[in-house]
Every structure is written in structure tokens, then in C-alpha cells.
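Please consult the sequence and the structure shown below while reading.

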Amino acid sequence: MKVGLLNCLLYYPLGPYWETFFRELKFEVVVSPALSRDDFDRKRTRFAGDICLPVESVAGHLDWMKGRVDFAFMPKLLDRRGDLYICPVCAGLPSVIRHVFADGPEVRSFPLTPFSEPGREAKRSLLPLGRSPGDIRRAHVVARDRYAALEAEWRADLPGRNPGTAGVPPRTILVLGMPYVLGDPLTNGNLHDLLRQRGCEVAMPLNLVPRSMIRRVHVAGYPIYWSFAGMSIHAMEVALKEWHPDGVIYLSSFACGVDSVVVPIVQAVCRRCEDLPCLTVTVDEHASAAHVEVRVEAFLDCVDAGIRKKARA
């Protein structure tokens, strides 16, 4: 039996856990390929209203799965740790999908994360498919341990300070944003490759604080309830103390209500850090990679000026 995993949204960063979990249960796992911009534009019309680009991308992934899988899995994550929550659009998406894509593959949805054992809803969905409670528990343990090993690898991948090359000053850039925006090639605009091609060391929240998605974060004494928003803010706190980036880039989606809260916080922190260069890239506004490239070049000019200023001080 084939289970389809959508290569978007919470597949970043939880996809490796889901893949291992279903393979341990003897399912054949099919992951949809990354969407091209043309495929995205053709399918996004299935959604109405003002929703973010990452959610709109679900249409293209589900359309690709027609006839290729027995069912598609979408996580049902209303909350992960009692008082920590994900975006309400993502939380309600599985229910919406069943109505908007009635002609698509069957969608099965239940809570499934490496942070807690699969509950009654998972068993209710998987037991009719011939998987026992013991099978489900064992699959979770194997997938959880594999995910923990991946977290250690992500942390170990944190780059050191770039010594620079002839004519190019050392640059360390912290890239923030929702993990599904940072991870999906459709939304990240190949920003990571663009920066590395220009001699930059790049770090993201998963390199710094992979477990902070289940950690309560406070700003000025107030809790940040949205888990991935807290992850970005915590990553910035850790980076400023331990990694000392030369600049910060935040990848944002225009219709993301959570980003509308997080971006001003990030910008304010950068201003307090001796005007640490900060660039906000709204992914919806750039239909061409050249647009992002021009903005990154201008941003790196500011970074280089800041590095030279510090060297003279």
C-alpha cells in the first residue's frame, strides 16, 4: 500500500520522521516532487481567499498524487504541547482539503510527531489497514530515534566563522522564517545557494535550536504562542550570543499573520545590535530569482560595510 507525503508545509522539518514511521509500518512511501512555479500558478486557484503561498502550494502536490498513492497523509496538529500552537490555517487544512479536493486522493489525518506517542486517532486510522498497536508503537520509537539523530546532525552542521577569501570579507548570515518557507525550493528562492556562492556561511533555526519548536519563548515578558515563531526568535537569541552573525535575512510570506508579528521583533532586535543589517524578503512578491538576487547583492554590500566599520573600530 502506498502512502503519499506532501513535499511542503510541515514536511519541513517533520518529513524524515513521517517517512521512517510509515516505512517501519511496511508502507511504500511516495513523496511528491518539488513544485515548479508554473505548476504552482496553475493549481493555486483551487483555494479562495487570502492565504499564504505555502498553503496554496498544497494544491499542486495533491494534484500530482492522483492515481499514484492509496492515500495521502496530512498531519492533524491542533497543538503539540498543551499551550503551543501552529498556524490556524495549517491546523484546519486537513478538514478543508477533504471538501476542496473531493476529486483528489483519499486524505488521512491524525496527530503524528516525534515528540509524543501516536494516540487514538492514529490507531483508529491505521488499525483497519492491518497495523497493530504494537506495530505503531515500535514504528514511532524507531522514527523518533532517527529524528533525534537528525537533530544532532543539524546542530553539528552549524558553520564556523568564515575566514573570508581574497577581496571578500568573512560573512556569516542568519536566515530566519517558518521552517516550511526555508525548506521548500518553491518558497526559498534558492537563497541558501545564492548566499554560499557569494562566500557566506549560512545558519538557520534548525542548525541552532532544533528542539525550540516545543519550547516556550518569551519576548519582553510575553509568551510567543506560535511554535515556529518562537523557534525563529529563540534562534536569533542564541545566534547573537554564540555565533555573532554579520547579517540577518527573514523569509516571509505576505499573508502569514504570524510573520506579521515576528518580523517587527526581528527588525527591532537588529536595530538594537548596533544596526545589524537585516533584510526581509517577502516570497510572494518575487516571481523571478533575479529579483531576490538584486536584493541580496544590496544587502551584502551593507554587510560588508558593517564588517569594515567594525575592523576600523
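The text below treats the chain as a whole and then its salt bridges.

The model is predicted. The chain contains 14 helices and 10 strands. Of its 313 residues, 52% are buried. Among contacts with a separation of 6 or more, 74% join residues 24 or more positions apart. The chain exposes about 14,300 Å², of which carbon and sulfur atoms supply 53%.

The chain holds 11 salt bridges.

| Pair | N to O distance |
|---|---|
| Arg-138 and Asp-135 | 2.7 Å |
| Asp-145 and Arg-144 | 3.3 Å |
| Glu-293 and Arg-198 | 2.8 Å |

Arg-138 and Asp-135 both belong to helix α7 (residues 133–156); because they are three residues apart there, about one helical turn separates them. Arg-138 is exposed, at 53% relative accessibility, whereas Asp-135 is partly exposed at 27%.

For the pair of Asp-145 and Arg-144, both partners are partly exposed: Asp-145 has a relative accessible area of 42%, and Arg-144 has one of 33%.

How many residues apart in sequence are the parts that Glu-293 and Arg-198 tie together? Glu-293 and Arg-198 form a salt bridge with an N to O distance of 2.8 Å. Glu-293 sits in helix α14 (residues 289–312) and Arg-198 in the loop between α10 (191–197) and β6 (200–203), so the pair connects parts that are 95 residues apart in sequence. Arg-198 is buried, with a relative accessible area of 17%, while Glu-293 is partly exposed at 33%. Together with Glu-297, these two residues form a network of salt bridges.

Notes:
Residues numbered from 1 in each chain as written. Predicted model: local features only at pLDDT ≥ 70, side-chain atom pairs only at ≥ 80, totals over all residues. Heavy atoms only, no water. Helix = DSSP H or I, 4+ residues; strand = E, 2+ residues; numbered from the N terminus. Buried < 20%, exposed > 50% of the residue type's maximum accessible area, 1.4 Å probe, protein only. Contact = heavy atoms within 4.5 Å. Areas by Shrake-Rupley, 256 points an atom, 1.4 Å probe, with all protein chains shown as cover. Salt bridge = Lys/Arg side-chain N within 4 Å of Asp/Glu carboxyl O.
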